[in-house]
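This report examines selected local features of a predicted model.

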Amino acid sequence: MRGEESGAASPLFEQDQLPLDMPSDGRLFAQVIVDVPAKQTNRPFDYIVPDELRAWVGVGSRVGVPFGPRTLQGFVVGLSERTGMDAGKLKPIEQVLDLVPPLNPELVELARWMSRTYVCHEITALQAMIPGALKAKYEKVIAVAGERDRSATANAAAGGQELLLASTPEEEEIVAFVRSRGTVTPEAMLRRFPESGQALKRLLLRGELVEIQTVKDRLQTKKVQMVEPAAGADALIEYGDKLPANAARQRELLRFFADNPAPLPLAELTGKLNFGAGTVRSLATKGLLAVREREVFRDPYADRDFVRTKPLPLTDQQQAAFGPIAESLCRREHRVFLLHGVTGSGKTEVYLQAIQQCLDQGREAIVLVPEISLTPQMVERFKGRFGDAVAVMHSRLSQGERYDEWRKIGLKRVRVVIGARSAIFAPFTRIGLIIIDEEHEASYKQEESPKYHARDVAVQRALRHGAVVVLGSATPSLESYARTAGDAGGDSPFHLLTMSDRVEGRPLPTVHIVDLREELKAGNRSMFSRGLYQAISQRLERGEQTVLLLNRRGYSTFVMCRTCGYVVQCPHCDISLTYHQVSRAMRCHYCGYSQGVPNVCPSCESEHIRYFGTGTQRVEEELAKLFPGIRVIRMDVDTTSEKGAHERLLARFRAKQADVLLGTQMVAKGLDFPDVTLVGVIAADTVLHLPDFRAAEKTFQLLTQVAGRAGRHQLPGEVYIQTYTPDHYSIEHASRHDFASFLDIELKTRRDRGYPPYCKLVLVTFAHEQAALVIRAAESFAARLRERWKRTGAARAASSDRLGLGGASAAASGTSGAAPYFEVFGPVASPIPRIKDRYRFQCMIKYRGDVDVSSMLAETVSAFDETVRREKLAISVDVNPQVLM
């Protein structure tokens, strides 16, 4: 069964090639990656493609294959008429799980690239590309054995005399039951024959029955019963007229279908139209109506009517940005554009018109937006322009809805996909355009394996398709911006497009920085500064709306004893618990642990337990006290966890059923309300002081984005930023909407300290229940990696080029202009040293230039496979990390 690698990376298959196009003469072999994420199975295995399955097996197919004693899901990654193995020993594919392969050859090639780049197993990359509904579900069933299975079982038995015993009536009944159903689960068997355990064991031992493992999807397609006329209108009326008087409902139903011959769901007939199911069945028995089961797509927007929109005239700046994108689309050339446009500059209209040009060429488009920005308003813009040609994929849909939206893509029912990070894997075959809105967002980086960044994957997909990538943001990431200036070294350059003015010349909002230290000196102990308080009062008087941002959910950030200073901690993580007023409980936002608030201090037994810090629940309570009758909508993880809650809350705010929209980061992006004229940032320092070299950048981005929610239409906007560090350059420049000045300072800081974009990073994190073991493993890993670098011979060339030396000219040459550099820092305890009872240590790797860091990491990680397996040690490799906690 063991197969060889399918060789060098193969060229892209013909994009529209179907399994039916595969060669039909001679024996066909499939190279399959099986669903076992381990070093030993991280390569293809060869299987025979049975003749009856040839028409359905293609590159990208999910198949069920025998692997040892089990049947496992696998992905076909290659097809060939030759094999390097003994063909007589190969096993056949047992089942094909999809009529249409869920992945195409390009995505299979992409998975190989992800496996190499992000140091993960290839099956992990393949699994990341399909929706959760298609993740394998393994089920054991009992079946009647074939002759081969029966003889194999008999030969394997060690002389058991009971094999020779004749079947009993009880056993014959069991075999007949299984044969009539094909397969039966063990649970169903025990329910049907609760007293026949011994008989069932004898049948399994003799080989009359076998226990097999099958592969199933976690979710099935949705099917409904449809009712339609089985005769013409005249025949229905004629038969109805002959019915007796007591069959009035049957007569009405026949006349209904005579006038409305289109099929209708049975549920609609029995529900809205109030016809009984018995009436339908009776007429179906007589051959006048037909009841058929049909597959339908779950449509999360079936009850929504989207008003169709037309392209708007572009401003001069929009046209200047659209022109190069349109030109590259016409030439079908791969280019990456960074569209830097201030909030309200009309980036979305540029996206929409670029998509239209892509569709006019017969190609397809993918639009990525951060999960929290994928608002109903955003969906409405795309559905309004492109109608049913748009599929929407995000986590607020049910699993079934996401599955059906994804199937529409594979069946070519849609040509545009808008969604969060994982939508980058949409199985399109003619991609012409990929748009990533708010490209700076950290949520585009997946925090579980494979730890890919959607921006990098998008560039790879576009490269394979000759497609255009547009990265849009009012606050681009420093890594992306540096690539427009050539600071990315050998990476493909980005082309900068700028839109510095709002549409119709609307001014950016006026921003006030409030020093909370001065507020305290003036005797104001409220969470609202005097200026913000007055501004909210004015909006209430004028009937305008306010958005308030606080990047903390809950009521208070921690609970502390004022006598001894004891802070209530999570017993499983080294982090304080957050108090939630609604549930009156303290919760850990890392592991989910929850407990009630103690009446006395667990340390000194003092009764002076107090809540410190401010969360969204506490701000909501304070607003109600200060402004009686104020209507507040709070949006955070706690209030939007229920399906549809996000959309309902925003619809209420749009309908002016609330005066204030209060929330965490989800209110900072993607919202556009004409009556919002005030934005207040309760505490601008929440991100600034985190142990993260991107803290200043994230602060600038968040403040700029949330400020952009104000004054987007006719009414002017105003912003209040409350902070204890008003002189910090990120806050100062955000208040002036001055990206260029912030960029100059931040790039100099990064260059001096040796951080991206002037080098690249890898974070390796180790976790285990025993601190001593995790420390030993981390130290051993770091030593091996340093030794591996020395063996490359590049260390000598890099010895004179230590990071931070060589001046600005060396740094400006980017990651590949200078001599290769590689250094391992640590191991040290992670900023949060314990989560879910596992101690955490980490190593940071900095490198630049021509360094094959992925190969070195893969080799070093593989050296710890036995420790990982034996000790349950967790090793996580994060290439280009966004979170360092």
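A residue counts as buried when its relative accessible area is under 20%. Thr 124 has a relative accessibility of 19%, so this residue is classed as buried. The residue belongs to helix H2, which spans residues 122–128. Leaving aside residues up to four places away in sequence, Thr 124 touches Pro 37, Ser 449 and Pro 450.

Two of these contacts, Ser 449 and Pro 450, are joined to one another by a cis peptide bond, with omega about 0 degrees. Pro 450 is located in the loop between strand E16 (431–437) and helix H15 (454–465).

## Aromatic pairs

Across the whole structure, a search finds 16 aromatic pairs. One of them is formed by Tyr 533 and Phe 627, whose ring centres are 4.9 Å apart and whose planes meet at 25 degrees, so the pair is stacked. Tyr 533 lies in helix H18 (residues 530–542), and Phe 627 lies in the loop between helix H19 (616–626) and strand E26 (632–635); the pair therefore ties together parts 94 residues apart in sequence. Tyr 533 is partly exposed, at 33% relative accessible area, whereas Phe 627 is buried, at 6%.

The rings of Phe 781 and Phe 864 have centres 5.6 Å apart and planes at 45 degrees, so this pair is tilted. The pair links distant parts of the chain, 83 residues apart: Phe 781 is in helix H24 (residues 771–791), and Phe 864 is in the loop between helix H28 (853–862) and helix H29 (865–871). Both Phe 781 and Phe 864 are buried.

## Charges over rings

The charged end of Arg 192 sits over the ring of Phe 193, at 4.6 Å from the ring centre. Lys 846 lies over the face of Tyr 755, 3.9 Å from the centre of that ring.

## Backbone geometry

Most residues other than glycine have a negative phi, and most peptide bonds are trans. Val 119 has a positive phi, near 50 degrees; this residue is in the loop between helix H1 (105–117) and H2 and counts as buried at 18% relative accessibility. Arg 332 also has a positive phi, of about 55 degrees. Arg 332 is found in the loop between helix H11 (316–331) and strand E12 (335–341), and is partly exposed at 46% relative accessibility.

A cis peptide bond also joins Gly 826 and Pro 827, with omega about 15 degrees. Pro 827 is in strand E31 (residues 821–835).

Note on methods:
Residues are numbered from 1 along each chain as its sequence is written. This is a predicted model: local features need pLDDT of at least 70, side-chain atom pairs count only at pLDDT 80 or more; totals for chains, interfaces and linings use all residues. Side-chain values use heavy atoms; hydrogens and water are left out. Helices (H or I, at least four residues) and strands (E, at least two) are DSSP runs, numbered from the N terminus. Buried means under 20% relative accessible area, exposed over 50%, partly exposed in between (1.4 Å probe, protein chains only). Contact means heavy atoms within 4.5 Å. Rings of Phe, Tyr and Trp (its six-membered ring) pair if their centres lie within 6.5 Å; planes under 30 degrees apart count as stacked, over 60 as edge-to-face and the rest as tilted. A charge sits over a ring if NZ of Lys or CZ of Arg is within 6 Å of the ring centre and within 35 degrees of the ring normal.
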